[in-house]
Amino acid sequence: MMRLILCVGDEPETGGRIEPSPVPPFKFYGHPATYIGAHAYCFACRSVGVIAKTGGPRRMKHLGHEIALDGDTLLCKCPRHPRMIAAMQSNARHDDMAETMGVVTPGETGANNWMVGGSRFDEQFTLRDQTSHKPLSGVAYRIRAASGATFTGVTDDSGRTQRVKVQGPEKLVLEIQE
């Protein structure tokens with residue numbers, strides 16, 4: 001579906017404002033775009049929330065960050081998370097492929113956990129050295145899901161674990177094996 005690109009200054013349907021991002025700006029018609037994971041203030045609950053991807057999964061990226069679109073969700077303290085409304089510009093649009101690639105719903109487990117697809121919930125971890133930030137390859141790990149499922153393996157050359165797929169949203173715990 002073609003959707004307008006969200007920009008700094010756009011707001012949630014409850015009122016508020018998207019805050020400027022530390023990511024260098026990418027502008028549409030003079031307005032800096034905002035990103036999935038960016039912060040916005042909500043007037044209704046008087047809190048700052050995080051913009052979560054909602055709708056089709058296909059997104060344009062700038063410097064590795066996915067661009068947010070009209071209709072994405074603000075994960076604030078409101079009991080029903082408000083939709084984000086694009087109003088700063090009315091020309092720049094992006095096709096999120098909602099009709100052909102499934103739908104994304106915002107995760108309730110935290111700002112960085114976006115749940116993908118109607119029945120597919122998955123996550124992958126990347127291990128990095130805390131000092132040098134280089135990927136940690138060959139590290140044995142165990143991932144425990146709240147449902148009791150356990151996944152074990154060894155990180156790949158990029159420090160990534162296997163992609164863990166579960167039936168619904170749930171907490172995952174990563175344990176490093178000695």
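1. Let me start with a turn: how many residues lie between S16 and S17 in their hairpin, and which residue in the turn has a positive phi? There are four residues between the two strands, and Gly 148 is the one with a positive phi, of about 105 degrees.

2. A word on ground rules. This is a predicted model, in which local features need pLDDT of at least 70 and side-chain atom pairs count only at pLDDT 80 or more, while totals for chains, interfaces and linings use all residues. Residues are numbered from 1 along each chain as its sequence is written, and side-chain values use heavy atoms, with hydrogens and water left out.

3. On the overall make-up, the protein has one helix and 19 strands. These are DSSP runs numbered from the N terminus (helices: H or I, at least four residues; strands: E, at least two).

4. Back to strand S16, residues 140-145. S16 pairs antiparallel with S17 (residues 150-154) over five bridges, and antiparallel with S19 (residues 172-176), also over five bridges; strands pair here if DSSP finds at least two bridges between them.

5. Tyr 141, Ile 143 and Ala 145 make up the covered face, whereas Ala 140, Arg 142 and Arg 144 lie on the uncovered one.

6. Now the interior. Buried residues (under 20% relative accessible area, with a 1.4 Å probe and protein chains only) make up 42% of the 178 residues. The largest nonpolar core has 14 residues, and Leu 6, Ile 18, Ile 51, Leu 74 and Met 84 touch the most other members. Such a core is a set of buried Ala, Val, Leu, Ile, Met, Phe, Trp, Tyr and Cys residues joined through side-chain atoms within 4.5 Å. Leu 6 is in contact (heavy atoms within 4.5 Å) with residues including Ile 18, Ala 33, Leu 69, Met 84 and Ile 85, leaving aside residues up to four places away in sequence.

7. Finally, which cysteine sulfur is closest to that of Cys 76? The sulfur in Cys 78 is, but at 3.7 Å the pair is too far apart for a bond. A disulfide needs two cysteine sulfur atoms within 2.5 Å, and the count by this rule is zero. Cys 76 is buried at 9% relative accessibility, and Cys 7 is buried too, at 0%.

How values were computed
Buried means under 20% relative accessible area, exposed over 50%, partly exposed in between (1.4 Å probe, protein chains only).
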